[in-house]
Each structure stands twice: as C-alpha cells, then as structure tokens.
Amino acid sequence: MRVMVVEDEEALTTLLRYNLEAEGYDVETVDHGEEADLALREHVPDLLLLDWMLPGLSGVELCRRLRLRRETERLPIIMLTARGEEADRVRGLATGADDYVVKPFSVPELLARVRALLRRVKPAEIAERLAAGDLEMDRVQHRVRRAGRDLHLGPTEFRLLEFLMRSPGRVFSREQLLNSVWGRDVYIDERTVDVHVGRLRKALADTHERDPIRTVRGSGYAFDETFG
Ligand code: CA
C-alpha cells in the first residue's frame, strides 16, 4: 500500500515516514502543493495525508482539485491541520477529505485512522487473506495454497498474484503491472512481465488444473473472475 504525505514541516514528514514505513506502507513525501498535484497526475497512491497549510497551492485547494479529476475523485484523503476550530473541520470535510486530524496528533491515532480508512474504502486490499475457488493466499504469512497444498512462489510471482487477485476480472496492461508490482522507478522490459506470468502459471496449476490467469490479447492479463 502506498501512502503519499504532502507536508512542508520536515520534522513531521520524517516522523510520519518512519512510522508509516514501520507499518509496512510504501511512503512518498512531497513538500509543495503544486509538486503534489503534478505527482498525483502521474500516479495515484492508495491514500493521501494532506497538510492543510502548504506554501503555494494549499491543501484545501489541492483536495478540491483532486475531487474533480476522475483518477483521484475517490482517493482516500486525510487532512492534517493545526487549526482545531469546528468551522474549519467542517470546511475541511466539505472540500472532499475523508477524515481530518488536528495537529498535534498522536502517531498511533493517525495510524489507526489510516488503517480504518483503508479498511473502509479498500477492504480487498487490506484483507489478510484472499481466496478464489480452491486458491487461497495468506498475505501475512506469505503463503499460497491450492486445494490444500502449498504452492511455492517466488517473491515477484507472489506480488503479481496478490495484485491480480485484488481485482478479479480487471485487465491490467504490462505497463500497469510493471508500475504496480515492480515499482514505477524500475526500468525493465515489458516482456519481463510475460516471463513472470509464465512462472506464476506454472506454480499455480498442474496440467489438469484450471489456469486462473487470463491473457487478454493485445491488452494484458487479468485474474479470471469466473475462476473457482
Ligand atoms: Ca504546513
């Protein structure tokens, strides 16, 4: 899960990064509203922690803009603010934020709100177990079983399967898979995706078993929603 932190107070950014990473999130930090706006046009994280007062484009204005774009209209957003007045709380939520935390806040409380919001908006992505047909994935123990037997997947195949299983039926291009499974800063050939999908298929199914991965010619791959 990726969290973007947009905050201009360096000490707070450092604290948030440290604690979010300790919880297992991938963290990206940005200290300017405009910069965040540009970054969010290129890639959308799973959740945004957004400071209300930023130099230049404010958090409130950025939040409003994000809600007008299709790609970010549902992005989970928690606003961070130094102001605690009721009127400002209401304004913060009226701009489209999902939740609101007043500085100074306790880190455990913020983390609990992050978890709660993700659980609410992305239940499949935060679930400890994913299952389809006779296939089960335990995301905590990093185990995959099919019809009760343990499957041995490499780390990349595991992440690939996890990503596909989270959105059954949805077709992902090789480029989308590279960005989401390998990371957007990694420059590798799209054919690498085919190699790993091949390995994943081999690990998932014996010759007599059904293949849960669907190849969509000219488009990419999907986890077959009719599997099971
Ligand atoms: Ca600030």
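This is a predicted model: local features need pLDDT of at least 70, side-chain atom pairs count only at pLDDT 80 or more; totals for chains, interfaces and linings use all residues.
View 1. The model contains 3 aromatic pairs. In one of them, the ring centres of W52 and Y100 are 6.2 Å apart and the ring planes stand at 80°, so this pair is edge-to-face. W52 belongs to the loop between strand 3 (47-51) and helix 3 (59-68), whereas Y100 belongs to strand 5 (residues 99-102), so the pair ties together parts that are 48 residues apart in sequence. W52 is buried, with a relative accessibility of 2%, and Y100 is buried as well, with a relative accessible area of 6%. F223 and F227 also form an edge-to-face aromatic pair, with 5.8 Å from centre to centre and 75° between the planes. Of these two residues, F223 counts as buried at 1% relative accessibility, and F227 counts as buried at 8%.

**View 2. The crossing of helix 1 and helix 5.** Two packed helices are described by the angle between their axes and the distance between the axes. Here the axes of helix 1 (residues 10-22) and helix 5 (residues 107-121) come within 11 Å of each other and cross at roughly 60°, which makes helix 1 oblique to helix 5. The crossing of these two helices is right-handed. Where the helices meet, L15, L16, N19 and L20 of helix 1 are in contact with V107, L110 and L111 of helix 5.

View 3. G169 is found in the loop between helix 7 (155-166) and helix 8 (174-182). With a relative accessibility of 22%, G169 counts as partly exposed, because the buried class covers values under 20% and the exposed class values over 50%. Which residues does G169 contact, leaving aside its neighbours within four places in sequence? They are R214, A222, F223 and E225, and F223 is the residue whose ring pairs with that of F227. The C-alpha atoms of G169 and Y221 are separated by 9.2 Å, although these residues are 52 residues apart along the chain.

Methods. Residues are numbered from 1 along each chain as its sequence is written. Side-chain values use heavy atoms; hydrogens and water are left out. Rings of Phe, Tyr and Trp (its six-membered ring) pair if their centres lie within 6.5 Å; planes under 30 degrees apart count as stacked, over 60 as edge-to-face and the rest as tilted. Helices (H or I, at least four residues) and strands (E, at least two) are DSSP runs, numbered from the N terminus. Buried means under 20% relative accessible area, exposed over 50%, partly exposed in between (1.4 Å probe, protein chains only). Axes are lines fitted to C-alpha atoms, for helices over the stretch in contact, and angles run from 0 to 180 degrees between N-to-C directions. Angles under 35 degrees count as roughly parallel, over 145 as roughly antiparallel, 65 to 115 as roughly perpendicular and the rest as oblique. A crossing is left-handed if the near helix is turned anticlockwise from the far one by less than a right angle, and right-handed if clockwise. Contact means heavy atoms within 4.5 Å.
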